[in-house]
Structures are given as structure tokens and as C-alpha cells.
Amino acid sequence: MTAILAIDQGTSGTKAIVVDDEDGTIAIAEETVRPTYLPGGGVEQNPHELLDSVLTAGRRAVSTAGRPIAAVALANQGETVLAWDETTGTPLSPAIVWQDRRAETICAELAEHGEAIARRTGLVLDPYFSAPKMAWLRRNLTREGVVTTTDTWLVHHLTGEFVTDAATASRSLIFDLDSAAWDGQLADWFSLGEERLPRIVAGDEVVGTTRAFGQETPVAGLIVDQQAALVAEACLEQGTAKCTYGTGAFLLANTGLAPVRSSAGLTTSVAWQAAGQTLYCVDGQVYTVASAVRWLQDLGLVQSATDLDALVATESEGVLCVPAFAGLAAPWWAPEATATISGMTLATRREHLVLAVLQGIAAQVTEVAALVGRDLGRPLGRLRADGGLTNSAALMQAQADIAQLPVDIYPNAHATPLGAAALARCALDPTISLKEAVGDWQPTTVYEPRWSEDRAQEFRTTWAQAATACATKGDHS
Ligand SMILES: O=P(O)(O)OC[C@H](O)CO
């Protein structure tokens, strides 16, 4: 019986679970964290709040589980950065969240290197990734201390080590995808050449030990949250794909041992490093999903995400939403794009707005899914889905309808921590394969497309035109 504490430090909250290889998930604790949205596209978090949430949720889960834990695993937001003092661990800046777009100026200045950066990193020169944010932070906030992604800081607090995992490093724009190592030339371009960068570790590596959750325990299973969900959903073979519907939606497809460069405007990253191998994935992003629902809540149109299905209209009556509340990612890469809702009349009710937002999210995921299929050389046959918003039948049905794909709902609300836990299990026992650590799963629900192909195609065409209009409206170049 081996119990693992797996912590998912996400944008809107931190979830800690204790998962046992015999009894499954035996304890869950969650802490909300609140990003601050600033004018000009800034999105920040209080680092103390992040650390407190990790410690509080982790300790509560361990205490509820009431049994010793063999390892602590940590999934992180991927591209969120902060400056901190390496001796004391004290934060020297707010955490600059992945949704923050203020590093756009940094990217614009490096435009002439855009192609070379894309070739070497598999990413697109966009403020979403961590290096532009690190450079922006250095220029505007502080030159003191080290500047890293949040995982490095959290793990330093737990273990005293200075590390990040290969998947997180691959989200930076200063990481060479083929050699899976930091790239000095790229770091120079971002004026980060003098920075002390963390040691890159594998997902199945024990990086140190912590006493933060009781007795001394190894820390292993470091990974980006999206990649962790890819592991949990057993997307272990080339060509398998999942979409997580959280703060944003992230569709990732495993491309195996080959870092396939997207010809379709998607990004390529390390999926995970384990058993001495580096696996890669291609991914597309919808920046605002739960954030878009939160916006509906803030306007008083819905009370909570659980209201969506009760309030949604059956037909949108021509109301169309492009939910680009924090710019548009793949394949538009338009950080300045803003959301639009069109087609409203005096007969438009909040139910239509709710449906339009849900359809807008599903349409954006659909465009990404189609491009993933292009990069894989064959269309996706089905879509595995996890994340809090898979609870909305209206969203999932819209997804199946618009994408014309069956959507398989992952049966567990904790895909991300489960993926990190699987890697930690492999770290504790290298004789276990990742496949064995993950196990099989059956969808709780399968949403089959109900729309005709023609209707889906017509909707996609209209929506894509609206998205392109949003993307070009924000383009001042
Ligand atoms: O915090 P989440 O779960 O919305 O995920 C954040 C993403 O990984 C950002 O790239």
C-alpha cells in the first residue's frame, strides 16, 4: 500500500489529493486562489497565497487520509513566474500569471528572431510563455534575486532544491526542444543570459525530500498541469489526445518521441520525461474557459458554474461569442484580441448569452482539435475530456456537436494530480511502467454529436470568421 500526496497548484485554486495504489483517492482538500486582473492585461497572484494554499491543502489532505505518505508530487501552472530571494525564499515580486499579456512589448522587440525561436523551441513568440514574462518582470519590477516559474519556488520551499521539470522548462521559449536543455542564445535574446536557471529534472525523478507534510518524504512527479492530465488520461501512445476544461482549455496530443513542429500554428512541448525518455506533445490553448464563466458570474448572469445547464438556451438565436477575454492563442496568436458577442437583438436573453459563451469555447477547442489532426496526419477520432467544466452537459454536448467528435468524459475530477502521482509512483519504483502506474479507465459519459455535419460546418465557418475579425482587430502592426 503506497499513498502519494499529489498537489495541483492551478490558476484558480490548489487541489491536494492523497491517492493510494490499492484504495484510489482517499483524501481531497482544496484551497481557492484569486488572481488579480489589472488594466492593460496584467494578471497577478500573491506568491504567499500560492505557497499557503499548497501547504494548507496538502496538510489537510494528509490529515484526512490518516496514513503515511510515500511521496509528494506537484503539478504547476506551467508559465507563471516570479522573482524571489534564493537564500531566504522570500518573494520579490507578485507571480505574473500565464494569462498576463503585458510582455507583449518584449515579444514585439524580438520579432526578427520569431522564426528562429519557433524552430528551436516549438513555441510561438507570445507573452503566454514564461521567458517573455521573466524579461518583462526584470525590466519593470525587480532585478534582485532569481526569476523562475512558480514550481521552482514552491519546490525550493519544500526541499531547498533549485529545479524545474523538462515539461515546464519547455514552456519557456529559452529551451531547446531537440536537446531538451536550456538554450544560452535564446536566453541572451530575452536578456536572461545572466540568470541562474534551475536544473532540469525528469518527471520520475526524486528531487529532494520535505518535512512540510509530516515526516521526511521524497518529492517527485514534477510536471505541468496540462501534461499531468495527459498522463492521467492514459494518452501514452502517439496520436492520443485530451482536452482539460479548467481556467482555460488545453488540448494536448501525444506525438511520441518526435518533437513534431506544428505546421498549423500549434505549439510543441515536452509531454514528460520518464524512464530515460523524452516524450513530446502538440498543444493548442483556449485562454478563457472557467474565466469566461466567471465573467458571466461577475456580471450576475449566472450564480455559479453549476447553474450553466439550468440557464442555458437550447438555441442561440444567432448570438455568437468569441471568448477572447485574454487574447487568442493558437492558431491566431493575437494577444491583443478582445472578446466579442454579436447577433444580439432586444429579444436576446441571458440564456442566449450563456449558450453563446459555451458554444464559443467549444468552437475554439474545435479549431484546435482540427489543427491537431492536421499535425498528426489524421483527424482525431474522439476527444478525451477532463476538468471542472466537463460537469456542464451543455458545454460537452456543444463540444461533440461542433467538433463532430464523441467526447469521452474522464471519470475522475482529479486528472491533474493523478497524473503527477503516477510519475511519482514511477520515481519510487522504477520497475513500474507509466502505463501500469496510470491504469485503465472508462468514460463516465460519452457525448455523441447530435448536430448534422452540415450544421456543424456552417457554425464553424461563421464562428471562425468572427474569431479572425477579433484577431485582426487587435493587430496594430
Ligand atoms: O491552472 P489551470 O488548470 O487553468 O492551467 C493553467 C495552464 O496550464 C496554463 O498554461
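**Exercise 1.** Is Asp283 buried or exposed? Work that out, then describe the salt bridge of Asp283 with Arg171.

*Solution.* Ground rules to start with. This is a predicted model, where local features need pLDDT of at least 70, side-chain atom pairs count only at pLDDT 80 or more, and totals for chains, interfaces and linings use all residues. Residues are numbered from 1 along each chain as its sequence is written, and side-chain values use heavy atoms, with hydrogens and water left out.

- Step 1: Take the cut-offs: buried is under 20% relative accessible area, exposed is over 50%, and partly exposed lies in between (1.4 Å probe, protein chains only).
- Step 2: Asp283 has a relative accessible area of 2%, so call it buried. Arg171 comes out at 3%, which is buried too.
- Step 3: A salt bridge needs a side-chain nitrogen of Lys or Arg within 4 Å of a carboxyl oxygen of Asp or Glu. Asp283 and Arg171 pass, with 3.1 Å from N to O.
- Step 4: Now place the partners, using helices (H or I, at least four residues) and strands (E, at least two) as DSSP runs numbered from the N terminus. Asp283 sits in strand S19 (residues 277–286), while Arg171 is in the loop between helix H6 (166–169) and strand S11 (175–176), 112 residues apart.

**Exercise 2.** Which strands pair with S15, and in what sense?

*Solution.* 

- Step 1: Two strands pair if DSSP finds at least two bridges between them.
- Step 2: Strand S6 (residues 71–76) qualifies, running parallel to S15 over 4 bridges. One of the contacts sets Asn76 against Val224 of S15.
- Step 3: Strand S14 (residues 208–210) qualifies as well, antiparallel to S15 with 3 bridges. Here Gly208 has Val219 of S15 as its bridge partner.
- Step 4: Check the turn: the S14–S15 hairpin has 6 residues between the strands, and Gly214 takes a positive phi near 120°.
- Step 5: Finish with burial: in S15 (residues 217–224), 7 of the 8 residues are buried, so the strand is mostly covered.
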